[in-house]
Structures are given as structure tokens and as C-alpha cells.
Amino acid sequence: MSHAKYNVINTHVHNIDGVAKVTGRATYTFDVTLPGMLYGKILRSPHPHAKIKNIDATAALALPGVKIVVTGKDTLGIKQGIWRRYEELCDEQVLPLEKVRYIGEPVAAVAAVTEEIAEAALDLIEVDYEVLPAVYEPLEAIKKEAPTIHEGVERNVNVTRHIEWGDVDEAFDEADYIREDWFKCSGQAHMCMETRAAMSNFTPDGKLTCWASTQSAYYTQGLLAGVLGLREGDVRVLAPYVGGGFGGKFELDAAMFCSAVMSMKLFKPVKVVFTREEDFIASKRRTPMFYYVRTGIKKDGTFCARESRMFSNGGAYTGMGATALYLSGFFHSFPYKWRGYRYDGYRVYTNTLPSTSMRGFGAPQAMFCSEQQIDWICADLGLDPFEVRRKNGHTEGYEVPGQAFIASCGLKQCIDEIEKWVKAKGELPANRGIGISSCGFMSGGIFNWFDSPYSFSSAVVTINVDGTVELHVGCQDIGQGSNTTMAIIAAETLGVKMEDIRVHSGDTAHCPADLGAWGSRQTLMAGNAVKMACEDAKKQLLEFAYAEMGINIVYDLDIKDRWVHIVARPERGLPYVDLVKKALRAKDGQRIMGRGYYTPHRKGMISPAYSYMMQAVDAEVDPETGKITIHEVMTAHDCGQPINQLGLIGQLEGAASMALGYAYLEDMPMEDGKLMNPNLVDYKVIKAPQMPEAGIIEIDTYEPEGPYGAKEAGEGLTNPTAAALGNAIYNAMGIQMKELPITPERILKALREKKEQEAQK
Amino acid sequence: MEKQKLSFKVNNDEYEVYIHPKTLLVEVIRDHLGFTGTKRGCETVSCGACTVNVNGASVKSCSVLAIQCEGMEVTTVEGLEKNGKLSPIQKSFLDHGSYQCGFCTPGMLMSASAFIAEAKDPTKDQIKESIEGNVCRCTGYNSIVRAIEAVTQGKYKEE
């Protein structure tokens with residue numbers, strides 16, 4: 001596939017927010033202050049499951065400086081959820097009226113003149129609870145005798161998802177070998193550096209302005225309006241800089257809701273910032289999953305069928321967990337061709353912190369199971385893991401039956417490159433091994449459970465008299481660099497320079513609606529909207545150029561590097577700025593404005609395009625202590641045409657660090673529903689000394705649906721790592737790790753069991 | 001508790017503030033003086049987002065009482081640039097894409113700048129250790145290490 005030569009795309013450009021970020025000028029919701037503002041704090045349930053019988057705030061209200069205490073009774077009591085289209089999945093009152101369902105759930109909120117007073121007031125609120133029996137694990141909660149968490153929900157089953165294609169039983173009949181395994185995948189905290197934060201300012205004209213640390217200003221606007229009984233247009237959400245999201249910040253959270261409710265009653269700005277502990281115990285988390293996987297394969301390595309059942313710990317509410325249930329089941333088939341595939345997922349309510357989407361969206365769990373089992377099958381049958389993956393992998397033009405069409409796919413090249421890399425490493429010392437894992441991921445979801453009446457992405461571009469460009473987008477920069485990516489696409493399309501583009505985002509009052517930053521959707525969807533808007537503006541400019549230059553209409557005109565010219569004779573042209581000035585005069589002073597949007601049509605059930613990758617992890621185990629050392633990570637990666645060179649490297653290295661954390665460090669142990677490590681001392685994330693080199697080999701493909709051929713990058717690479725580490729440990733030590741995270745204790749236990757088995761033989 | 005006077009320098013300017021003795025340095029920097037470049041990411045002195053330099057040494061400003069800084073010189077991220085010219089480590093961060101959400105960046109820059117001022121031909125491991133106290137959830141650290149390395153190798157000059 002040949003690409004045009006690009007002037008801006010995939011060149012070394014600085015992040016357009018870079019100067020603000022390296023000089024301390026970037027102002028996050030955390031930093032926002034307003035005159036007369038109050039500080040809000042949230043009282044949280046100490047019980048995993050309890051009826052709220054009475055809340056007495058008399059003493060708290062008597063404390064000087066306290067302005068208000070609100071409980072569920074002070075709200076409209078609307079049950080909300082991000083699956084807005086489905087009433088039964090809107091199951092969460094942010095301040096519940098009747099009962100609490102997890103430790104840390106908000107029960108009341110206070111606003112006071114200082115943070116200290118607000119905090120002191122929390123101790124003075126008396127809540128009378130009737131403690132109810134609770135259940136914490138999905139396989140317990142699904143039992144007949146388990147306590148009911150939501151009235152009317154049988155066996156606590158929140159959502160189910162069935163995915164099937166082909167004749168699964170017949171395909172199993174053709175298999176020479178069938179293997180089945182159970183896996184347990186843990187949760188993971190998003191651990192955004194900026195905790196959940198919001199500042200709400202409701203004014204007597206009936207308008208609400210809310211600064212929020214959110215992944216989608218538009219979702220926040222819609223959800224807030226819904227629970228507050230306001231029109232969406234009367235709610236303005238601002239998200240200028242966001243200190244990380246990773247899938248945890250696009251639902252309505254208690255910072256947004258409580259600050260807004262209190263501001264509406266007081267007509268004053270109220271700010272709520274979660275402490276790190278609150279962020280751990282009462283935001284959301286990656287969905288813990290139990291997977292049963294049964295796979296049938298022929299002696300020659302041809303995959304026949306797979307059948308999986310998955311039970312996820314949904315925690316107390318639905319949130320985005322319903323989407324993770326679906327995507328986990330779909331990507332569990334990836335990136336292979338199965339004649340028969342069947343997945344039954346059950347999302348089960350428990351009395352724990354709700355689980356939701358997190359970078360990879362259910363796929364890291366699915367791949368941990370799938371990619372390890374494939375290696376074990378290869379070992380069982382004496383097959384080559386690279387060859388088996390190549391033989392069964394997706395290829396360009398493949399249709400996942402009834403689900404997806406694969407228009408671009410660099411999987412085979414990814415496997416080839418990683419095989420070369422692994423072989424070049426040669427023989428490794430004892431207790432050290434390399435594991436591989438391949439996967440793919442979506443470039444934005446095509447589903448609309450939010451019931452947005454707007455196109456999925458939109459952009460408006462306006463050209464000023466001096467040639468500078470105002471680009472208004474609804475897509476949200478949460479650190480992944482989408483503003484820069486959009487500026488690159490705009491500069492390339494219009495034929496101007498990066499410094500000509502100013503991106504406006506994160507403000508619902510000025511930017512068009514867009515579903516925001518989730519499911520790796522923005523480069524493809526918002527990117528297409530930006531490209532379309534810029535093409536629209538450029539076409540208008542070039543119309544004047546034809547008239548101005550007096551050339552034959554059959555000639556093609558283009559703009560590159562601020563030079564408007566005949567494509568066949570690039571020296572014939574005029575400066576872009578001159579053209580803009582003339583166009584303005586010709587249009588009676590109206591500015592050139594272009595509009596663009598993207599809404600997917602006829603793109604299957606999941607996504608318009610899929611990225612592919614294979615990763616290798618080189619790891620060593622200390623057999624005495626079980627301690628893991630990661631020596632190196634290498635990834636071959638197909639994201640179509642890379643757009644933002646520096647941003648891509650950063651996203652892939654960042655994905656590796658988050659996924660390594662998930663694989664062997666990060667855990668959320670609970671006792672009776674109480675998180676045992678809600679702080680950064682006990683919750684272990686990767687720090688600089690543990691981070692290995694994480695190289696990338698880019699595979700050149702072109703995705704026809706993406707802007708300039710681009711597709712997903714940055715989220716999908718959280719998928720393969722846990723499995724690759726598991727396979728490295730299997731290759732090094734001969735033990736099969738079926739539970740995440742892979743801790744030293746679990747390694748030592750597996751080594752003991754292996755020794756016992758060998759002794760029995 | 002009686003308020004006490006604290007006189008100290010922040011980013012080369014003299015300040016006099018009256019504070020409760022238990023007020024943390026980070027609170028004075030952010031809430032009293034308005035230098036919001038310095039962030040806070042935890043309550044357990046674990047994340048390093050609040051790192052500043054006190055008399056040239058990197059310090060987590062949530063771990064010291066402001067009153068302990070009497071007569072001292074504090075530099076925050078806002079003090080790294082001079083008359084609109086970025087410091088070498090700031091320029092290197094831009095070139096290496098060593099930040100994403102940017103929330104850890106001010107603390108990371110302060111740890112790095114204190115290290116660079118002292119380091120002589122540091123190894124990669126020493127560079128990594130210099131930012132061990134700073135958590136970054138976005139970048140995976142390697143781009144930060146490359147940026148620090150480039151400065152210690154003299155690739156960026158003070159303007």
C-alpha cells in the first residue's frame with residue numbers, strides 16, 4: 001500500500017499542550033478556584049450492604065462554617081447510568097435513598113467555607129444503618145440463597161451477553177485435541193494522577209457550569225442534566241486539562257454530582273476533590289473476571305472451536321461494565337479465525353466497588369486466558385507457538401462471522417518480526433524465559449447505548465484573516481494527546497503548519513458534541529471529522545484560488561506548507577495567507593468555516609477498524625523468592641498509518657507499564673468488601689527502576705476507514721502483556737499461572753506443586 | 001494554634017506569610033501563594049507530584065512543614081524558566097514527549113532538575129533511581145529517562 005508523502009503526519013512534532021504542561025501553566029480541575037467558592041466533602045458508607053434508616057445532620061449543620069449537608073432526599077432520586085438507552089441498567093443513585101451497596105458509597109455531602117471544616121462536619125453526621133447480609137464474589141452472588149443486591153434482579157445477574165458463530169459443537173467434533181482451563185483475572189485501579197474532581201457553579205439565571213476531570217465533557221453534560229432535571233444546554237462542562245482517565249472517568253461520579261447538587265441549592269461554587277483513598281475505594285476499577293475456556297484444535301495446529309464462560313465481578317452498579325462484558329467476549333476470539341465460537345458472559349452484582357471499563361476494556365483479561373492456553377496447547381501437542389498463531393490469525397479481508405470485517409491487518413508481519421527478535425536473543429540463562437502474546441483491538445465502538453442524538457464525532461474549523469486556524473473539537477484530551485493528533489490532521493489536510501492551529505476542546509459551550517475518549521475511538525472517529533471539516537474549508541478556499549489564478553479548470557490545486565499551487569506545476573501558485581485574505585473579501589467578510597462529522601454505518605457489531613500486535617516479554621524468576629524481574633519488552637504493532645510520532649511511542653510505552661503492573665504488581669485485595677490497600681504505599685504501581693526497555697516495531701498497513709489510513713493505538717497494547725509474562729514464566733519455570741496478578745506467592749505455590757507432582761511421578 | 005510568620009524565597013521572590021505551624025509546604029505554595037503548577041496526588045508521601053526544590057534539593061512538599069523553610073529558597077516548576085526561556089530539562093521533555101496528562105510533570109521536572117545539577121555522567125540506572133519517588137501513570141517513564149539522559153549528556157544548554 002503506498003502512502004502519500006506527508007508534511008506533518010508522523011513527523012517529530014511537540015505536543016501542542018507541551019509548553020503548558022512543562023511550565024506548570026496547565027490548569028486542571030484540581031487547580032480551579034473561584035471567588036466565594038466552598039469546599040465539599042463526601043460521607044461514605046462503612047458497610048458493604050445496609051439500609052439507610054435515618055440520617056441526622058443537625059450537629060454538622062451547627063458547626064460554624066458549614067453551609068449545607070445533602071443526602072439522597074435532597075436530590076431528584078433519579079437512577080442513572082451511562083447505558084442511558086436501557087432503563088434497567090440505569091441503577092445508580094449517586095446519593096442513594098434506600099440503601100448502600102458497597103463500602104465507600106456516598107451517603108451524604110457537606111459544603112463548608114474550608115476543607116477542614118467540611119471534613120470535621122462529616123464526623124458529626126449520624127447515619128442509622130440496618131446492616132444487611134452481603135456477598136462479594138460473583139460465583140457466590142449468583143447462588144440462589146445469596147442476598148439480593150438490587151430488588152427484582154434474580155440471582156444478582158446484572159447483564160448477560162451471548163456471542164456465537166458457526167456450528168460450535170460440530171467444530172469441536174472435528175478437533176483432535178480439546179483443552180479446558182479456569183482462570184481468575186483481578187481488578188486494577190485506574191490510579192489517575194489527578195483524582196476525581198469537580199467544581200460546580202450554579203447561578204441565579206438557572207445555568208450550571210461544571211469543571212470536571214472527565215473523559216467526555218459531552219457525557220458529563222448529558223448525565224448531569226439528567227440527574228439534576230436541567231436542559232443539557234443549560235449545563236456547561238469544562239475539562240481543560242485532565243490528569244489521566246484510562247477508562248475510569250466518563251461516568252457520572254460523586255465529585256460531579258455532589259458539587260452540582262450543593263451548588264444548585266446554595267448558588268455558590270462548590271468544589272469536591274477525592275482524596276487518593278476515596279479514589280481507590282469509591283471510584284471504579286478494572287473488572288475482575290473468572291474465565292472458563294475450552295478450546296478444540298486439530299493435530300496440525302488448525303483451530304476448530306472455542307467455548308467460553310465468563311463470570312465478572314460487577315460490583316454494586318452497572319456503569320460501563322456492561323460494555324466490558326461484551327468486548328471481553330468478542331476480543332477473547334481475537335486475533336484468530338474460529339470455525340465455531342461461543343461466549344456466555346455473566347456480569348454479577350456484588351457488594352463491592354463497581355467495576356467498569358479500563359484501558360483494554362475487558363480484553364486484557366480475555367487475552368491472559370486465551371494466549372496462555374494457546375501456548376499450553378502448543379506444548380501439549382508439540383507445536384510451534386509462532387506457527388500456530390500465523391496459521392490461524394486474522395488476515396486482510398477476513399470477516400469475523402456476523403461481527404466484524406477486517407479491512408487492514410498486519411498480524412502476520414507482527415508475528416514474523418517478533419519471531420526474529422526472539423530467535424536473535426538466542427539461549428537464555430536458567431530461570432529466564434521469553435513469552436509471546438498477540439492480540440488486536442478496536443478503533444472506537446459503533447454502539448450507541450448512551451442514545452446520543454448527535455454524530456459520534458464532530459469538528460468545526462474556522463480560518464482567520466492571518467491564516468491561523470481555530471479547530472473546535474468535542475474529542476477529549478486526557479493526556480493521550482488527541483489535541484495534538486487533531487492538530488496534525490488539520491495541518492496536513494489544510495496544508496498549513498502546526499503552529500497555525502489552535503485546538504479548542506473540553507468545553508461543551510463552544511465545542512461540538514462528541515462521545516469522548518474511550519474505546520480508542522478518537523483518532524479514527526474525531527480524526528475523520530477533523531479531516532472532513534478541513535477538506536470542506538480547503539475546498540472553499542481553492543474555489544477562490546481557481547478564480548484568482550485564472551487557470552484551466554481541469555488542473556488540480558492543492559495547499560502544502562502554506563503554498564497554494566497547481567499540483568502538476570507546484571511552482572505556480574500563491575501564498576496561502578494571500579488567498580485567505582482574498583477569499584474573505586470575496587465572501588463579504590464571512591470567515592471560511594468547514595464542518596465535519598463521523599457516524600459509523602454498516603461496520604459490523606463492534607468497530608470500524610482493528611489494530612493488531614504481538615508482544616514478547618523477557619522475564620526472569622528467582623526460584624527462591626518467586627520475585628520477577630522484567631528484562632525487556634518488545635512489540636510489533638500495526639496501527640495503520642501512525643499520525644503522532646512522539647505520542648505513539650509514549651502511548652505504547654505507557655501501555656506496557658500499566659499492563660506490566662496489571663500482570664505482576666497491582667492487586668486490589670478485599671476483606672469482607674473492604675479494600676485492603678487503598679493508598680500508594682500498599683498499592684504497587686510500576687516505578688521508573690522496574691520499567692524495562694519497551695521497544696516498538698511499527699508494521700506498515702493502511703486502514704481505508706481511518707483518516708490517512710490510521711487506526712487504534714495505545715489502548716490495545718494493555719491486552720497482551722499479562723499473557724506474555726505468563727508465557728515467559730511458563731517457558732522459564734514450567735509453571736502455568738492461572739491467576740492474576742502473578743505474585744511471588746503464587747509463583748512459589750506453583751513451583752511447590754510442580755515439585756510435588758514430579759515427585760509423585 | 002497561633003499563626004506564625006514565615007519568610008522565605010519562592011522562585012527568587014521574597015514572601016512573607018502568616019500560617020499555622022502545621023501548614024504543609026505544599027499548602028503554602030498552592031493555596032497561599034497560588035503556584036498551582038505543583039500538584040498533589042496522594043496523602044502518603046508516595047507519588048512525588050508535589051516535588052519542589054528547597055535550597056537545591058528535591059523535596060516532596062507534602063512531607064515538610066512550611067515553617068521549616070524559614071529563610072530558605074524554594075523553587076517550583078514555575079521557577080524553572082527564565083524570562084520566557086525554558087530550562088534545558090523542560091526543552092528536553094518537550095523533545096522527548098516525556099509527559100502525557102502532565103499531572104506528574106512538575107514534580108518529575110523538579111526531581112530531575114535537582115538530580116541534573118549534581119549528577120556527573122550518570123548511568124541509566126542512576127537516572128531511574130533519581131525519579132523513583134515520582135509516579136507517572138501515563139508514560140512508562142522511559143521517555144522521561146531519555147530526556148534526563150540527553151540533558152546530562154550536554155545536549156541542551158541553558159539559554
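How many residues of chain B are in contact with chain A, and how many of chain A with chain B?

1. Basis. This is a predicted model, in which local features need pLDDT of at least 70 and side-chain atom pairs count only at pLDDT 80 or more, while totals for chains, interfaces and linings use all residues. Residues are numbered from 1 along each chain as its sequence is written, with chains lettered from A and ligands numbered from 1 in the order in which they are written.

2. Interface. 41 residues of chain B are in contact with 45 residues of chain A (contact: C-beta atoms, placed from the backbone, within 7 Å). On the chain B side, two or more residues come from each of helix H2 (88-96), helix H3 (105-118), helix H4 (124-130) and helix H5 (142-152). Helices (H or I, at least four residues) and strands (E, at least two) are DSSP runs, numbered from the N terminus. This side of chain B divides into 18 nonpolar, 15 polar and eight charged residues. Nonpolar means Ala, Val, Leu, Ile, Met, Phe, Trp, Tyr, Cys and Pro; charged means Asp, Glu, Lys and Arg; the others, Gly among them, are polar.

3. Chain A overall. Chain A has 18 helices and 32 strands. Its C-alpha trace spans about 90 × 75 × 50 Å along the principal axes. The radius of gyration of chain A is 27 Å, which agrees with the value near 27 Å for a compact globule of 761 residues (taken over C-alpha atoms; the rule is 2.2 Å times the number of residues to the power 0.38). Of the 761 residues, 61% count as buried (20 or more other C-beta atoms, placed from the backbone, within 10 Å of the residue's own). Among contacts in chain A with a separation of 6 or more, 81% join residues 24 or more positions apart.

4. Domains of chain A. The assignment, automatic or from a database, gives domain 1 (18-25 + 456-598), domain 2 (32-132 + 192-245 + 249-282) and domain 3 (358-441 + 608-760). The C-alpha centres of domains 1 and 2 of chain A lie 39 Å apart. Their contact takes 14 residues from domain 1 and 15 residues from domain 2. The domain 1 side divides into six nonpolar, six polar and two charged residues.

5. Helix H15 of chain A (residues 576-586). The buried residues are A:Tyr576, A:Leu579, A:Val580 and A:Ala583. They lie on the same side of H15(A), because they cover an arc of only 100° around the axis (directions from the helix axis to the C-beta atoms). An α-helix has 3.6 residues a turn, so residues three or four places apart point the same way. The buried residues of H15(A) pack against several elements of chain A, including helix H14 (522-549) and strand S21 (457-463). A:Asp588, with a positive phi near 60°, follows H15(A).

Conventions
Contact = placed C-beta atoms within 7 Å. Buried ≥ 20, exposed ≤ 12 C-beta atoms within 10 Å, placed from the backbone.
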